[in-house]
Amino acid sequence: MNKSMCIYVKRVVSLLLIIAILGGSINNRESEISAKCNHIIKDYIIFAKNEKALNTALDTINRDVTQKSEELSDNMTVAELSEEEVLELNKDSNVVVEEDYVLEANKVKPGSKSKKARYKKLEKANKERKNDVEAEWNLQAINADDVEIDNSEANKVKVAVLDSGVDFIEGVNLVKTVNFVEAEDNISVWYQDLTGHGTSIASVIAGDGQNVVQGVNSNVDLYSVKVLDKDNKASISRIIRGIYWCIDNDVNIINMSFGTSSYSKALEKAVEDAYKANILLVAAAGNHDSNVEYPAAFEKVMAVAATDTKSEISDFSNVGEELDIAAPGEKVRVLGLFGFNGVTHGTSIAVPHVVGVASLLWEKDLSKSNEFIRQLIMYSSKDILNTNDCGLLDAGYALKIYDNFEKSFKEKDFESKEYIPENSESVETFNEVEGDSSYVEGRWLTDGHQNLVSEGAKKQVTDATALAILKAGAIYPDRPDSGMDGGTTDNPQYHGGYKDGVGDPVNYVACYEFVTRIALKNGDASLITNYKSIYGLGKDNYDWMRTDFTSKKVGWCTWSTIFSGIKVNGVSVADTNKNRKYFTWGIALHILGDTFAHRTYRKSDKKAIVHSNPNSSQILGADDPNVVRGRWVVAKYAIKSSIESLLINDYGDFNEIEYALRRQTETSNSQLFLKKRLARYMVSNGGAETSYVRNANID
């Protein structure tokens, strides 16, 4: 709370006091607010004549300051001080005390006008860009940029992405998620995709444009079937388990953006069983300029090659007579980790274009066979100049000839060329994309947010390394070796719990803020010397959590051990202050996500949402995004806005949650949630009890 804010609240309290004298009583809120106003904590630089003078000065305020930095001289330090301590230090002529304006310029006290103004700008930007997303070149190349999407609930096609998982992010709407990677089965669905591969695939299929990327068909029922691990690898048996799960759950289309040169009879049997179940299987040809890989090489699978911006087969794409179709596979804009967009290439990313078009065709009549959809896609394709193995996907022409094709198509004896003219449209080329730097490097920031952060913040994070570190931090509290696992029972501070045995109740909102502050100190909690600067935290939880973050370790693991296990392109990440900041902020994101997964209730009947062992008044599915979807909608917005705070070096607090609550507009009343003590803890953290806060709270 800044000085002007204190004056304002004092005036409000004075007015309330007058009202109370005239006709009622008032609680002790005035004394609480006054106490906060008189003990404002800020960062200050303390500069003394020499080290001895510095130590003498610190002794006068009885403070053991540990915020010394290697970049500062022996007679200088940085510390969090109250106004009283500053006045005391200024009495010493050998000491100069200055507010650390460089840091403070990016730090905003809870509830301040500037932070709220930033979120108002974000809300405005989100509204403006929701219906103003231009189709990328890849959709134009396959004639899918002007396709009218049917947003009705009828005839929705069920699409399964067998991949590394799909994160629950803004812009991609998941119906269900299942995880077959045993070593990663304890990871929250918020952060299940450890590589970004599956999320990228899903965004091309069904991106709804709210987060930059517009997919081919946003009106599908999308299922994430996690079979690839943190290295984007899977055993054949795991792939087979995923396929049979799709059969059992009546999926229509399976996206398989992976491959192997080794033949497997067991895998072929699973593919044939899926085909018999009327599932369309679509797979990547491979990226080694060689023969088509399996499962794409199987007869019952639709094999997809990649094309470049000239609409020719890419140099890296595998080719052969097994190919059925080609689609854009270079310089394709996708969503990845945490919903940030980037550019990727490969036959992997060509596959979801075909899957998306297949869903557009199939939703016209779900009684059609998988072979009907497959043949229609192949027959409607455009000629490609540098191959005779297949043609280029053309959504517009396939939809145009659908009715005539339906009349002439015979399941076992397909002869229709005499009835339908061949696709004579020339392929398009996109030479301007080649020289566009925005198609070379991925970006953290969406177009709608570019003007909301400083230039320094934009340049701060420009590669995949930071996102990989954030993701590693986000899953860390669920790792058994972290010392932070155990959920709301053993470590409620990191999992959205509200009580434990250390003394103070656990204010999960304040815990989230505390960890973001630690992140801005590069993961070293010893540099935060006054717990009162985090409203609502309490000394017991401050002391408890502070031991987890030191210059040597986080939780039970050393920093060096942590970063040796995070690899980007096969290389371990360096142990630097910047990377420690990202990893620690990832832990804060875990707290934020778990806040809405745990200790939550369905609003309509106040039934608790639990993991297991339910009684008659409880609901199974604490980690299922389709169970009381409103809490997941809020969480994905809160996580995205939290990362916006990271980008401008502004600590997180209740504002991220309130901003997310305001954006909860895509769920019905039956999907709304209540969260234990949410209003109480947000107010304690410095917020106001708005209607948004009250409507999401249960005490």
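Asn278 is placed in the loop between helix 10 and strand 8, where helices (H or I, at least four residues) and strands (E, at least two) are DSSP runs numbered from the N terminus. This is a predicted model, in which local features need pLDDT of at least 70 and side-chain atom pairs count only at pLDDT 80 or more, whereas totals for chains, interfaces and linings use all residues. Residues are numbered from 1 along each chain as its sequence is written, and side-chain values use heavy atoms, with hydrogens and water left out.

Although Asn278 is not a glycine, its phi is positive, at about 65 degrees. With 26% relative accessibility, Asn278 counts as partly exposed; buried means under 20% relative accessible area, exposed over 50%, and partly exposed in between (1.4 Å probe, protein chains only). Phe338, in the loop between strand 11 (332-335) and strand 12 (341-344), likewise has a positive phi, near 60 degrees, but counts as buried at 6% relative accessibility. Lys471 lies over the face of Phe338, at 5.5 Å from the ring centre, and Arg517 lies over the face of Tyr651, at 4.0 Å from the ring centre; a charge sits over a ring if NZ of Lys or CZ of Arg is within 6 Å of the ring centre and within 35 degrees of the ring normal. A cis peptide bond, with omega of about 10 degrees, joins Tyr294 and Pro295, and Pro295 is found in the loop between strand 8 and strand 9. Most residues other than glycine have a negative phi, and most peptide bonds are trans.

Aromatic rings of Phe, Tyr and Trp (its six-membered ring) pair if their centres lie within 6.5 Å, with planes under 30 degrees apart counted as stacked, over 60 as edge-to-face and the rest as tilted. By this rule there are 21 aromatic pairs. The rings of Tyr263 and Phe298 have centres 6.0 Å apart and planes at 70 degrees, so the pair is edge-to-face. This pair links distant parts of the chain, 35 residues apart, with Tyr263 in the loop between strand 7 (253-256) and helix 10 (265-276) and Phe298 in the loop between strand 8 (280-284) and strand 9 (301-307). Tyr263 is partly exposed at 43% relative accessibility, whereas Phe298 is buried at 5%. The rings of Tyr476 and Phe583, with centres 5.2 Å apart and planes at 65 degrees, also form an edge-to-face pair. Here Tyr476 lies in the loop between helix 17 (464-475) and helix 18 (487-490) and Phe583 in helix 22, 107 residues apart, and both residues are buried. Ring pairs additionally link Phe372, Tyr379, Tyr402, Phe405 and Phe409 into a cluster.

The axes of helix 19 (residues 508-520) and helix 22 (residues 577-597) come within 8 Å and cross at roughly 170 degrees; axes are lines fitted to C-alpha atoms, for helices over the stretch in contact, and angles run from 0 to 180 degrees between N-to-C directions. The two helices are therefore roughly antiparallel, given that angles under 35 degrees count as roughly parallel, over 145 as roughly antiparallel, 65 to 115 as roughly perpendicular and the rest as oblique. Residues in contact (heavy atoms within 4.5 Å) include Tyr508, Cys511 and Tyr512 of helix 19, and Lys581, Thr584 and Trp585 of helix 22.
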